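Subject: Structure for your review

Dear colleague,

I am passing on the structure below, together with some notes on what turned up when I went through it. Please read the notes with the structure open beside them.

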Amino acid sequence: MTNYRRLAALAAVPVALTLGGQEAKAGAFQLNERSTKALGASLAGSVSAASDVTFITFNPAALATVENVAMGGSLSLVSPISNAEIVTGPAAGLTDDADSARAVPSSAAALRVTDELVIGFGVYAPFGLVTKYDSSFPAAGDAVTSELDAVSFSPMISYEPIEGLSFGAAFNVLAIDARLTNAVIVLDGYNVEYGFSLGALWEPIDGTQIGIAYHAGYDAELEGIHENAIIGLAADDLIAKASLPSTFQVGITQAITDDLRVMGEFRWIDWSAFDTIDVITPSFSFAPPLDNFSDVQNYEDAFFGAIGAEYDINDQFTIRGGVAYDQTPTTDEFRTPRVPDEDRVWISAGVSFSMNEHMTMDASYSYLHALSDPEVTIRSGPAAGSLIEYEGGAHIFSLGGEIRF
């Protein structure tokens, strides 16, 4: 089988694997479960390590490290901790559980075309959200169900003009499906948006790799239905508009010895772009809530920082670990029950096993600990003004691997 036929067969695997649900457990509703190896180091080195093909979803310039043909993927189980308790007002003491464990698949494939040129394809979920409350919970006027599935299908290319310096680019096709409900309104929309990623990978000296990447945001415009459950009217030409953030990453991977490497990474996320969700129902001119409206979010820009290390015990086993600080873009004033987010610390560990020269298997575990209990003020309904306190955090279990030809 030629390399091109191999790549065509492998490219079907990411599509099949990634059509699953997601749970938001990075800052706000951004997802990073794209590589088991990267998760094992709390994402430190995700833009610079390039230790297998799954890293191309973070930095397309990592394609340059593929020798011939490679495919890889991961399957991560995200088990969130999001227990809600009303602590003030007439409903004080009532609780609900917004947890919803979900699987997050991701995969990638790559083919070296020439000494300088490599092409690839990645499928992953850059955004995702699932929170569900009982319809009788006092905050149901603000939120009952929040579901966002966003899957990126990303053909990409890298070019290495001189040895040790590569540049990469990806064209991202983002399929978005969202459903937001409260006690009165149902918003259900779908669309396809387009974006891009750019990256560079530089090895100035042996043992030092510096990576940089930019992932453009999206001006999402979802088309669907807007239904009012109270008066029984629906607009089937709903348009919901929101801007999803761009991300800038820079990182370094440094070999200390032949067996030990340390990694560091910094990210800036343009969350201030997500300021409102604007809903337009052009076929109706009724009074609210079927009229046009905006749901204010007022997110703030946030950053993510991580450090990690990995050690080759022998030719077959590698262990790794890392810690990270993940800043929330939400604020006390505008935080909602849909995304009861707070600053988090990541603690992670992982292991890789090289079965032979063609196949490696990976496993990792991450614990995300909220630095304080997020608080949300109920905006509407009989319990408006009451305060909800959340127990926040998450467990992430991931399995992955790579096959090389």
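The largest pocket has a volume of about 890 Å³, and 36 residues line it, with K37, A50, S51, D52 and E402 lying nearest its centre. Several elements give two or more residues to that lining, among them β1 (69–86), β11, β15 and β20 (387–404). By class, the lining of the largest pocket is made up of eight nonpolar, 15 polar and 13 charged residues. Please keep in mind throughout that this is a predicted model.

The second largest pocket holds about 730 Å³ of space, and of the 35 residues that line it, L180, I277, D295, Q297 and R338 are the closest to its centre. The elements that supply two or more residues here include β5 (145–162), β6 (165–181) and β7 (185–202), while β10 gives the most, with five residues. The lining of the second largest pocket divides into 20 nonpolar, seven polar and eight charged residues.

Turning to the strands, β11 (residues 247–255) and β12 (residues 260–269) pair in the antiparallel sense over nine bridges, and a hairpin of four residues joins β11 to β12. Within this pairing, T253 has M263 in β12 as its bridge partner. Strand β12 is also joined by ten bridges to β15 (residues 302–312), again in an antiparallel arrangement, and here R267 stands opposite F304 of β15.

Salt bridges that share partners join R261, E310, D312 and R320 into one network.

In total, the structure holds eleven salt bridges. One of them is formed by R344 and D341, whose closest N and O atoms are 2.6 Å apart, and both of these residues are buried. Another links D188 with R179, with 3.0 Å between the closest N and O atoms; in this case D188 counts as partly exposed at 25% relative accessibility, and R179 likewise counts as partly exposed, at 32%.

With best regards

How values were computed: Residues numbered from 1 in each chain as written. Predicted model: local features only at pLDDT ≥ 70, side-chain atom pairs only at ≥ 80, totals over all residues. Heavy atoms only, no water. Pairing = 2+ DSSP bridges. 1 Å grid on protein atoms, 1.4 Å probe; cavity = no way out; pocket = protein on both sides within 12 Å on 5 of 7 lines; lining within 4 Å. Points joined across faces, edges and corners; volume = space filled by probe spheres on them. Nonpolar A, V, L, I, M, F, W, Y, C, P; charged D, E, K, R; others polar. Salt bridge = Lys/Arg side-chain N within 4 Å of Asp/Glu carboxyl O. Buried < 20%, exposed > 50% of the residue type's maximum accessible area, 1.4 Å probe, protein only.
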